[in-house]
Amino acid sequence: VRYADGKGWYDARVEARAPISIDPASAVLHYAQEIFEGLKAYKMADGGVAMFRPDANAARFAQSAQRMAMPALPGATFLQSLREIIRIDRDWIPQSDEGSLYLRPFAYASEVFLGVRPSLEYLYLVIASPVGAYFSGGVKPVSVWVSPDYTRAAPGGTGAAKCGGNYAAGLSAQAEAIEHGCDQVVYLDAVQRKYIDELGGMNVFFVLDDGSLATPPLTGTILPGITRDSVIRLAERAGRRVVERPVSMDEWREGAASGAIREAFACGTAAVITPIGTVKSPDFEFTVAGGGSGEVTMGLRKELVDIQRGRAADPFGWVHRVL
Ligand code: PMP
């Protein structure tokens, strides 16, 4: 779907996937005015096909657009585009229990213009690709690298938006994590470099010794994850206390040693919920839950995956049937 100032969104089309030509002076190539979403379509237990909370992705996409000075795509158009690509690509949705069709809606500034101001033209596209299980051979705890130098987002920045620029800014930190044998980066807050914000592509939760959960608050520097919100609501429904509050790196390190923090897990669309096993930085290294998969973490994971796959009741109305 295209957008032009004064005309609005127009020219919705379905085309076979192919390279798009782009003018060298397209605004996005210079100023990174681009936003995206990521979600999955699954085969359900009864053979149907569903998406998980796509209305939440539509809402976040609209918020990202606002932050990046882009025009809002109507939520109905966003949902319609996803339903359509799922119907067309229905034969590509893996049958397996863990596979899915990954959907990537995105929009970018397509105006051919080198001045610094919001573009007057945009292109919205959706691509889809089958993906297998995130973990082959069962869930494995991830290892994380606490980046000593890099921050992901500062107050007033774009941390709460899902824009390509945030990920570009994180690539050096991710390369550093990989060099140290870790799967993901842990970002600390940009001001005090003390509190945990989130991981490179996942939000983070801590299971405390009283069984309650703690997770960093949405203060504008972290992405408001849809999985994060789902975990909070699932845990609260089960009577578990969830506190959104700052958690410092010191609290995590000391808590892992004393038992005050029993488990830690990361969550996001790709891996759903994954235990964090090892935490490394230039100054220290420690394990959480003995480097294994904690009981509370794995329990929440099963509950959420069962709802997503239609194996358990969906009291929140999260499952959006397509076929
Ligand atoms: N934080 C970041 C930086 C992410 O890229 C993602 C993945 N979208 C998340 C958190 C988790 O968000 P969600 O649960 O909506 O996938």
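Colleague: Which helix gives the largest share of the shell around the ligand?
Modeller: Helices here are DSSP runs of H or I with at least four residues, strands are E runs of at least two, and both are numbered from the N terminus. The shell's largest share is three residues, and they come from the helix spanning residues 226–237. That helix is α5.

Colleague: What kind of model is this?
Modeller: Residues are numbered from 1 along each chain as its sequence is written. Local features need pLDDT of at least 70, side-chain atom pairs count only at pLDDT 80 or more, and totals for chains, interfaces and linings use all residues, since this is a predicted model.

Colleague: How many residues of the shell around the ligand are polar?
Modeller: Residues around the ligand include Gly 38, Glu 198, Asn 203, Leu 223, Thr 227 and Arg 228. Ala, Val, Leu, Ile, Met, Phe, Trp, Tyr, Cys and Pro count as nonpolar, Asp, Glu, Lys and Arg as charged, and the others, Gly among them, as polar. By that division three shell residues are nonpolar, two are charged, and the polar ones number seven.

Colleague: How many Å separate the centres of domain 1 and domain 2?
Modeller: The bounds come from an automatic or database domain assignment. Domain 1 covers 2–131 and domain 2 covers 142–308. Taken over C-alpha atoms, their centres are separated by 27 Å.

Colleague: Which element gives the most to the side of domain 1 that touches domain 2?
Modeller: Two residues are in contact if their C-beta atoms, placed from the backbone, lie within 7 Å. On that basis 18 residues of domain 1 are in contact with twelve residues of domain 2. On the domain 1 side, β3 (34–36), β4 and α2 each give two or more residues. With six residues, the element that gives the most is α2.

Colleague: How many residues on that side of domain 1 are charged?
Modeller: The side of domain 1 that touches domain 2 holds eight nonpolar residues and four polar ones. The number of charged residues there is six.

Colleague: Why do the buried residues of α3 line one face of the helix?
Modeller: A residue is buried if 20 or more other C-beta atoms lie within 10 Å of its own, exposed if 12 or fewer, and partly exposed in between, with C-beta atoms placed from the backbone. In α3 the buried residues are Phe 78, Ser 81, Leu 82, Ile 85 and Ile 86. Seen down the axis, they line one face because they fall within an arc (of the directions from the helix axis to the C-beta atoms) of 130°.

Colleague: Which residues of α3 are exposed on the other side?
Modeller: The buried residues of α3 are covered by elements including β4 (39–43), β5 (49–52) and α2 (54–67). The other side of α3 has exposed residues, namely Ala 76, Arg 87 and Ile 88.

Colleague: Does Arg 53 count as buried or exposed?
Modeller: Arg 53 lies in the loop between β5 and α2. Its phi is positive, about 50°, although it is not a glycine. Because Arg 53 has 20 C-beta neighbours inside 10 Å, it counts as buried.

Colleague: How many other C-beta atoms lie within 10 Å of Ala 32?
Modeller: Ala 32, in the loop between α1 (27–31) and β3, has a positive phi of about 60° although it is not a glycine. Ala 32 is partly exposed, because the number of other C-beta atoms within 10 Å is 17.

Colleague: How far apart in space are Gly 200 and Gln 174?
Modeller: Gly 200 lies in the loop between β10 (196–199) and β11 (203–208). Leaving aside neighbours within four places in sequence, its contacts are Gly 170, Gln 174, Gln 184 and Val 185. Gly 200 and Gln 174 are 26 residues apart in sequence, and C-alpha to C-alpha their separation is 7.4 Å.

Methods:
A residue is near a molecule or strand if its C-beta atom, placed from the backbone, lies within 6 Å of it.
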